[in-house]
Amino acid sequence: MTAVSQLDDFQALDPFFRIIEGGLAGLVDGEHFFDLLAEDVVFEYVITIPGYPRRVEGRQAVAELYRPYGNTFFLDRCYDLAVHYDHNTGVVVLEYASQGRVVPTGAAYGNRYVSVLSIVDRKVTHWRDYLDRLAVFDAIGWPSRGK
């Protein structure tokens, strides 16, 4: 049983979950993405978009932030994974890309990410996330372009 209930709610994020699980294989314990996270994990979104939090604390809070993701984006795939791990500090840097679509419009969506994770006792305790916010803006058509 995973640490978070109703995993069907997160179907739009499955490619993201799979690439992270693969990138952390052998470094952390747990089967599903949420199981890899410490209960008191801290997520920081260094580059973010308006209305999205800069900091989220706790596995359940992260799950609730991600639960409605499928209302806006659906990922078809994640790829180009590069894993950089420092055995001495427990820090992992994951570089990866995504490709999918905007749910309300069907417009294409793609992005590149860098995630810097700290691992303690075989769980992710801290996650700093970087993405191309202009890719998000372009995909959702924000700001709207006047006629």
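Buried here means under 20% relative accessible area, exposed means over 50%, and partly exposed is anything in between (1.4 Å probe, protein chains only). This is a predicted model, with local features needing pLDDT of at least 70 and side-chain atom pairs counting only at pLDDT 80 or more, while totals for chains, interfaces and linings use all residues. Residues are numbered from 1 along each chain as its sequence is written, and side-chain values use heavy atoms, with hydrogens and water left out.

View 1. Follow the sequence and you get the pattern α-α-β-β-α-β-β-β-β-α. The radius of gyration is 15 Å, close to the 15 Å from the globule rule for 147 residues, so the chain is as compact as a globular protein of that length. That radius is taken over C-alpha atoms, and the rule is 2.2 Å times the number of residues to the power 0.38. Helices (H or I, at least four residues) and strands (E, at least two) are DSSP runs, numbered from the N terminus. Along the principal axes, the C-alpha atoms fill a box of roughly 55 × 30 × 25 Å.

View 2. Of its 147 residues, 41% count as buried. Among contacts (heavy atoms within 4.5 Å) with a separation of 6 or more, 52% come from residues 24 or more positions apart.

**View 3. The E3–E4 hairpin.** Strand E3 (residues 73-86) runs antiparallel to strand E4 (residues 91-102), and 11 bridges join the two. Strands pair if DSSP finds at least two bridges between them. To get your bearings, look for Phe74, whose bridge partner in E4 is Arg101. Four residues sit between the strands, and Gly90 in the turn has a positive phi of about 75°.

**View 4. Asp80, a non-glycine residue with a positive phi.** You'll find Asp80 in strand E3. Its phi is about 60°. With a relative accessible area of 47%, Asp80 is partly exposed.

**View 5. Asp121, in the loop between strands E5 and E6.** E5 covers 108-120 and E6 covers 123-131, with Asp121 in the loop between them. Phi of Asp121 is near 50°, again a positive value in a residue other than glycine. Asp121 counts as exposed, at 70% relative accessibility.
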